[in-house]
Amino acid sequence: MPDDARPPQIPFTPTPRHFPGHPQPTSVPDGLRLELSRSRIVAGQEDVFDEWMTMLNDRPDELQQGLSAERQVFEATFRSVEPDGSTWIYHLSLMGEDGGGNDQRIPVDADHAAYSRQAKEPGWEELEPRFMLAPEPLLDLMKRFGKTGQASPASSEPNVP
């Protein structure tokens with residue numbers, strides 16, 4: 001394909017490292033943060049990206065270890081191959097406001113970080129959240145987990161579903 005017939009390359013402009021995050025829409029419960037981030041996969045590293053995702057899918061029990069400290073209520077990762085041929089990773093996350101990042105003392109988190117450094121461009125572009133919806137019983141559970149890292153109420157709290 002001649003160069004002038006190729007779609008222009010999609011630019012990648014990472015958000016500054018200490019970006020505090022977009023304001024949350026009113027539909028996101030207080031204490032939670034909804035994020036959708038994307039980054040370009042380094043050209044030629046698509047197979048490494050696939051290995052990375054296979055590793056994560058093969059080790060879900062180990063990944064569960066870090067969720068409480070991270071206050072990670074939900075996360076999902078997607079791949080998109082764009083018309084210019086570039087491959088992008090999209091990461092959707094719902095977490096407590098005071099959650100931490102990956103704990104690289106946990107072996108699977110260390111492996112996760114190593115794959116990230118190899119497969120994707122450094123940084124993330126942060127998309128602006130606009131709306132979130134979940135059934136009320138799940139919202140209550142998500143708010144509790146985002147605040148405490150626990151699905152069940154503490155013993156000093158009244159029984160809250």
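A residue counts as buried when its relative accessible area is under 20%. In this predicted model, Leu34 has a relative accessible area of 14%, so Leu34 is buried. The residue lies in strand S1, which spans residues 32-40. Leaving aside residues up to four places away in sequence, Leu34 touches Gln24, Val28, Leu92, Ser93, Leu94, Pro129, Phe131 and Met132. Ala5 presents another picture. Leu34 and Ala5 are 29 residues apart in sequence, and their C-alpha atoms are 38 Å apart in space.

Aromatic rings were examined next. A pair of aromatic rings is described by the distance of the centres and the angle of the planes. The count comes to two aromatic pairs. Phe12 and Trp88 form an edge-to-face pair. Their ring centres are 5.7 Å apart, with 75° between the planes. Phe12 lies in the segment before S1, whereas Trp88 belongs to strand S3 (residues 87-96). The pair therefore ties together parts that are 76 residues apart in sequence. Both Phe12 and Trp88 are buried.

Phe49 and Trp52 also form an edge-to-face pair. Here the centre-to-centre distance is 5.9 Å, and the angle between the planes is 90°. Both residues are in helix H1 (residues 46-58). Because they are three residues apart in this helix, about one helical turn separates them. Phe49 has a relative accessible area of 3%, so Phe49 is buried. Trp52 has a relative accessible area of 2%, so Trp52 is buried as well.

Charged side chains were then placed against the rings. The charged end of Arg38 sits over the ring of Trp88, at 4.0 Å from the ring centre. Trp88 is also the partner of Phe12 in the aromatic pair described above. Lys120 lies over the face of Trp124. The distance from Lys120 to the centre of that ring is 4.3 Å.

Confidence was considered last. The chain has a mean pLDDT of 91. Of its residues, 93% reach 70 or more. Among the elements of the chain, H1 has the highest mean pLDDT, at 98. Helix H2 (residues 60-70) has the lowest, at 90. Over residues 155-161, the pLDDT is below 50. Beyond near neighbours in sequence, this stretch has five contacts in the model. Where pLDDT is low, the predicted coordinates should not be read in detail.

Conventions:
Residues are numbered from 1 along each chain as its sequence is written. This is a predicted model: local features need pLDDT of at least 70, side-chain atom pairs count only at pLDDT 80 or more; totals for chains, interfaces and linings use all residues. Side-chain values use heavy atoms; hydrogens and water are left out. Helices (H or I, at least four residues) and strands (E, at least two) are DSSP runs, numbered from the N terminus. Buried means under 20% relative accessible area, exposed over 50%, partly exposed in between (1.4 Å probe, protein chains only). Contact means heavy atoms within 4.5 Å. Rings of Phe, Tyr and Trp (its six-membered ring) pair if their centres lie within 6.5 Å; planes under 30 degrees apart count as stacked, over 60 as edge-to-face and the rest as tilted. A charge sits over a ring if NZ of Lys or CZ of Arg is within 6 Å of the ring centre and within 35 degrees of the ring normal. pLDDT is the predictor's confidence in each residue, from 0 to 100.
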